[in-house]
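Here are a few friendly notes to read alongside the coordinates. I have kept them as numbered points so that you can check each one in your viewer.

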Amino acid sequence: MSTLLTAYLFLSGAIVAEVTGTLLLQKTAQFTKLGPTLTMALCYVVSFYLLSHALKALPLGIAYAIWGGVGVVLTLIISVTVFKQSLDWQAITGVAMIVGGVVMINAFSKAAAH
C-alpha cells in the first residue's frame with residue numbers, strides 16, 4: 001500500500017473519530033454525563049492520534065483543511081438527517097464553499113503531497 005494512500009486512510013479514520021466525538025458532545029449534557037463524556041474524549045484522542053499518523057505523508061495545512069472541512073460537512077449532514085436541524089441558504093452556501101475548497105485542494109493543488 002502506498003504511503004499517500006495510507007496517510008489518507010489514517011486521515012479518514014481521524015475524520016470519523018472527530019465527527020463521532022463532536023456528535024457525542026451534545027449527549028454529554030455539558031460534561032455532566034460520564035459515559036458520553038469519556039467516549040467523546042476518547043474519540044478526540046483517537047482522532048488526533050490518527051491525524052498525527054496522516055501527517056507522516058501529508059502537509060499539516062492540507063491535512064488539517066481536509067480534516068476540518070470534511071468533518072464540518074459530515075457533522076452538518078448528520079445534524080440535518082438525524083437531529084432534524086434545519087439550514088438556511090447562507091448555511092448551505094457556506095458549506096458549499098467548504099466543499100469547494102477541499103475539492104480544490106485535492107484536485108488541483110500540488111501542495112497536497114510532499
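**Notes on the model**

1. Helices here are DSSP runs of H or I with at least four residues, strands are runs of E with at least two, and both are numbered from the N terminus. Leu-58 counts as buried because its relative accessibility is 1%. For that label, buried means under 20% relative accessible area, exposed means over 50%, and partly exposed lies in between, with a 1.4 Å probe and protein chains only. The C-alpha atom of Leu-58 is 9.3 Å from that of Leu-11, although 47 residues separate the two along the chain.

2. A word on provenance before going further. This is a predicted model, in which local features need pLDDT of at least 70 and side-chain atom pairs count only at pLDDT 80 or more, while totals for chains, interfaces and linings use all residues. Residues are numbered from 1 along each chain as its sequence is written, and side-chain values use heavy atoms, leaving out hydrogens and water.

3. Now the overall layout. The chain has four helices and zero strands, giving the pattern α-α-α-α when read along the sequence. Its C-alpha trace spans about 45 × 35 × 20 Å along the principal axes. Of the 114 residues, 30% count as buried.

4. How do α1 and α2 pack? Helix α2 covers residues 34–54, and the two meet at an angle of about 160° with their axes 7 Å apart. That angle makes α1 roughly antiparallel to α2. Axes are lines fitted to C-alpha atoms, for helices over the stretch in contact, and angles run from 0 to 180 degrees between N-to-C directions. Under 35 degrees counts as roughly parallel, over 145 as roughly antiparallel, 65 to 115 as roughly perpendicular, and the rest as oblique. The crossing of α1 past α2 is left-handed, meaning that the near helix is turned anticlockwise from the far one by less than a right angle, with clockwise giving a right-handed crossing.

5. The pairing of α1 with α3 (residues 60–81) has an angle of about 45° and axes 9 Å apart. These two helices are therefore oblique to each other, and α1 passes α3 in a right-handed crossing.

6. Ala-29 counts as partly exposed because its relative accessibility is 23%, whereas Phe-31 counts as exposed at 54%.

7. Finally, helix α1 itself, which runs over residues 3–25 and contains Leu-9. Leu-9 is partly exposed, at a relative accessible area of 47%. Together with Met-1 and Leu-5, Leu-9 makes a nonpolar surface patch of about 350 Å². Tyr-8 also belongs to α1 and is partly exposed, with a relative accessible area of 23%. On terms: patches take residues with over 30% relative accessible area and no salt bridge, joining like charges within 9 Å and nonpolar side chains (Val, Leu, Ile, Met, Phe, Trp, Tyr) within 5 Å. A salt bridge is a side-chain nitrogen of Lys or Arg within 4 Å of a carboxyl oxygen of Asp or Glu. Accessible areas come from the Shrake-Rupley method with a 1.4 Å probe, and for residues only the protein chains shown count as cover.
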